[in-house]
Amino acid sequence: MIIRGDSNIIKVYDLTPLIDIESYDLSDSKDLENFQETVVSFIDSGEAEAVDLPEDLVGIVPDTAEIEINDNTYTFEDVEYINKSVDELISENFEEGDVLLLLQGNGDGYFEYEENPEIDDLKIGYTACDIDTPEEPIYDFFCDLILPKIIEVKGEKIEPIATNFYPKDTIIGEVYIVRKEDGNKYLEKVADIDVMHYGWDLFEDIIQVDYDDPIA
């Protein structure tokens, strides 16, 4: 089985051990600038990599998704979903008050699996968002996507055996704090981070195709 399509990807760094956000007044332009420079310094030094999430988060825009099984091609409308919230995916590994750097990029994604299930036996993760979703950029970026790394066949989880990612747009960097209200965790944006000068180097562990050769 192969799943491909226009993909949004998020790489998450936990900055909590590295930075005391309470020491900055982010409403002050000078303090905000100092904070942004400090975050960039942790990227430059490699310290931000030390506590990276075990996996990067990838979601495919449903209207662009193709699911190929035994020479048959299906769309997102042909499969059943496993609903996952953005907060569940991003903040389940973190606690209230944690500071996260989220790098976001877009491109063509390709995911190959050893199994070739019947389409009726297949379930795929999906980031369903509703009107109560916080009005933060990360939710716009990662809502309403299918999740090629959350796949079940007859209730059994399966993993991709090969993945490729062909970048198309520039990378966006944003810092969020994990907040908690009524027992539920959510993300609150506190700063933008300029990461454009890195190009796609920050995703070099994910990109496995030549920039000049689009995925077939």
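The protein averages a pLDDT of 87, and 92% of the residues reach a score of at least 70. One stretch stands apart from this description: over residues 210–216 the pLDDT stays under 50. Where pLDDT is low, the predicted coordinates should not be read in detail.

The model contains 2 aromatic pairs. In one of them, the ring centres of Y24 and F35 lie 5.3 Å apart with their planes at 75°; because planes over 60 degrees apart count as edge-to-face, the pair falls into that class. The partners come from distant parts of the chain, 11 residues apart: Y24 belongs to the loop between β1 (2–14) and α1 (29–45), whereas F35 sits in helix α1 itself. F35 has a relative accessible area of 0% and is therefore classed as buried.

The other geometry is found between Y81 and Y126, which form a stacked pair with 4.6 Å from centre to centre and 15° between the planes. This pair also links distant parts of the chain, with Y81 in strand β5 (residues 80–84) and Y126 in strand β7 (residues 122–127), 45 residues apart. The two tyrosines fall on either side of the 20% limit below which a residue counts as buried. Y81, at a relative accessible area of 26%, is partly exposed, while Y126, at 15%, is buried.

Attention now passes to empty space. Rolling a probe the size of a water molecule over the atoms shows where such space is left. The second largest pocket holds about 280 Å³. Its lining is made up of 15 residues, and those nearest its centre are D87, D130, D132, T133 and P134. Helix α2 (86–91) and strand β12 (184–193) each supply at least two residues of this lining. Strand β12 gives the most, with 3 residues.

I161 lies in the loop between β9 (156–158) and β10 (162–167). Its relative accessibility is 54%, and the limit for an exposed residue is over 50%, so I161 counts as exposed. Beyond its neighbours within four places in sequence, I161 is in contact with E112, Y113 and E114. The C-alpha atom of I161 is separated by 9.7 Å from that of E115, a residue 46 places away along the chain.

D71 is not a glycine, yet it has a positive phi of about 70°. D71 occupies the loop between β3 (66–69) and β4 (72–74), and its relative accessible area of 82% makes it exposed. K154, also not a glycine, has a positive phi of about 55°. The position of K154 is in the loop between β8 (146–153) and β9, where K154 is exposed with a relative accessible area of 67%.

Conventions
Residues numbered from 1 in each chain as written. Predicted model: local features only at pLDDT ≥ 70, side-chain atom pairs only at ≥ 80, totals over all residues. Heavy atoms only, no water. pLDDT = per-residue confidence, 0-100. Contact = heavy atoms within 4.5 Å. Phe/Tyr/Trp six-rings, centres within 6.5 Å; stacked < 30°, edge-to-face > 60°. Helix = DSSP H or I, 4+ residues; strand = E, 2+ residues; numbered from the N terminus. Buried < 20%, exposed > 50% of the residue type's maximum accessible area, 1.4 Å probe, protein only. 1 Å grid on protein atoms, 1.4 Å probe; cavity = no way out; pocket = protein on both sides within 12 Å on 5 of 7 lines; lining within 4 Å. Points joined across faces, edges and corners; volume = space filled by probe spheres on them.
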